[in-house]
Amino acid sequence: MSPFPLVFATLRQSPFMSLAFVFLVAIATGLGVAMTSQEKALRTGSARAADRFEIVVSAPGSQTDILFKTVFLRPGTVELLGADTVAGVLANPDVKFAAPLGFGDSHDGDPVVGTTMDLVLAVSGGALVEGRMFQTWEEAVVGAASPLKIGDTFKSAHGHEEGGLAEIAPESEALHEHGTELTVVGRMGATGSPWDRAIVLPIEQMWRVHFLPSGHDPASGELLGPPFDPAFLSPVPAIIVKANDIAGAYGLRGQYRTEKSTAFFPAEVLIELYALMGDIRLLMSALALGTQLLVIASILSAIVILLRQQRRQFAILRALGAPRRYVLAAVWLYVAAIVVTGALLGLFLGWLLSFAVSHLVSESTGIVLQPRIGMPEIWLALGVAGAGLLMALLPSLSLYRVPVADALRGE
């Protein structure tokens, strides 16, 4: 005797209530799936954004703050690296290229960065995708997602609309426009990082508009890029260094870990952040699992009440000869159908939700996130379904043990 007709009849008898139970399970599962997939996407996206920055040399301080400032272009202030240290890094023979960074300006909310051609090409994947490299101090190259087009002119503003202040001239905290008109001449390739919204100027221009030495003897005219004159170098928040080889990279990192400077691989800081994120993820996963179990328990309580209203129907079947295991199987299958359907729907819902959250995070941080559903998310959905199947035995056993006579009398 198949219990499935009875299961279908029970579902048809309370379709809206059954659908409500399914959606509650789906929402609880979807939130957990979205959270785990988002955490993985953030790891992948941030690592991809940092891949093109080999070594960061800066003044001693929080490496996390420096990483957020240099690689992720977050507004904020950091200590400046002294001009003598800058000169030493730029002149180091073990360096393939060293690109000083200048921050503190913006245009329509997008960061304006001063650096050299070498870093622009490194970030852009070796070549620009449109236009050409800047050749004068008044030219700029923009990121792949910048709204500025080739040939557009603009003026950068000191400060940042979101509250970040310039490190180069901290005494002036008001957002004000510089007088120099700049022209966009090139566009970098997509990086999946905040650099896609950046506007990159020659470091000489960044120094000049903040009334600092430009790195070259003024008598030589508007020279661009290295070699710089040590007598005319200015402090910078950081220098991005590319070593000649892997061994040289580790050597440079150790060489510039001194009282005056620090050097680190961006991946080092990210690993520490990932470890912290992992601890938070475990805590959030435990909270999400607890929430899911509470949702399932609440649903099962409601199902028990719903099925108790139909126990007379089950009692009649038993009086007609249906064995107790038939009732047990029918009730268990009814609850299992709700939980399993909700878990599968939650997996799909979590996938959709992760894309929505990724879009919001990408808009906020500039890091392109690509969430994917993997085995951890599938196991999460299976875990919810498995827990629900075990807990489904409770309402099944509650009806299984009711005597036929009591059920028929409605007791």
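The model is predicted, so to speak, on its own terms: local features need pLDDT of at least 70, side-chain atom pairs count only at pLDDT 80 or more, and totals for chains, interfaces and linings use all residues. Residues are numbered from 1 along each chain as its sequence is written, and side-chain values use heavy atoms, with hydrogens and water left out.

Taken as a whole, the chain has 13 helices and 12 strands; helices (H or I, at least four residues) and strands (E, at least two) are DSSP runs, numbered from the N terminus. Of its 411 residues, 47% count as buried. Here buried means under 20% relative accessible area, exposed means over 50%, and partly exposed covers what is in between, with a 1.4 Å probe and protein chains only. Among the chain's contacts with a separation of 6 or more, 78% come from residues 24 or more positions apart, where contact means heavy atoms within 4.5 Å.

With 5 of its 6 residues buried, strand 9 is largely enclosed by the rest of the structure. It pairs with strand 4 (residues 130–131) in the antiparallel sense over 2 bridges; two strands pair if DSSP finds at least two bridges between them. In that pairing, Glu130 stands opposite Arg187 of strand 9. Strand 6 (residues 153–154) also pairs with strand 9 in the antiparallel sense, again over 2 bridges, and the bridge partner of Phe154 in strand 9 is Leu182. Strand 5 (residues 139–142), on the other hand, pairs with strand 9 in the parallel sense, over 4 bridges. There, Val141 sits opposite Gly186 of strand 9.

What is the relative accessibility of Glu139, and does that make the residue buried or exposed? The value is 12%, so Glu139 counts as buried. Leaving aside neighbours within four places in sequence, Glu139 is in contact with Arg132, Met133, Phe134, Thr183, Val185, Leu201 and Pro202. Two of the residues on that list, Thr183 and Val185, fall within the 182–187 range of strand 9. The C-alpha atoms of Glu139 and Val200 are separated by 8.9 Å, with the two residues 61 apart along the chain.

Strand 1 (residues 55–58) runs antiparallel to strand 11 and is joined to it by 4 bridges, with Ser58 opposite Ala238 of strand 11. Strand 2 (residues 95–107) is antiparallel to strand 11 too, and 6 bridges join the pair. In this case Pro100 stands opposite Ile239 of strand 11.

Turning to the helices, the axes of helix 2 (residues 15–50) and helix 11 (residues 375–391) come within 9 Å and cross at roughly 160°. Axes are lines fitted to C-alpha atoms, for helices over the stretch in contact, and angles run from 0 to 180 degrees between N-to-C directions. Helix 2 and helix 11 are therefore roughly antiparallel to each other; angles under 35 degrees count as roughly parallel, over 145 as roughly antiparallel, 65 to 115 as roughly perpendicular and the rest as oblique. On the helix 2 side, Val25, Thr29, Gly32, Val33, Thr36, Ser37 and Lys40 meet Pro376, Glu377, Leu380, Ala381 and Val384 of helix 11.

Most residues other than glycine have a negative phi, and most peptide bonds are trans. Leu73, though not a glycine, has a positive phi of about 50°. This residue lies in the loop between helix 3 (63–70) and helix 4 (83–90), and Leu73 is buried, with a relative accessible area of 9%. Phe211 also has a positive phi, near 60°, but at 77% relative accessibility Phe211 counts as exposed. The peptide bond from Pro226 to Pro227 is cis, with omega near 5°.
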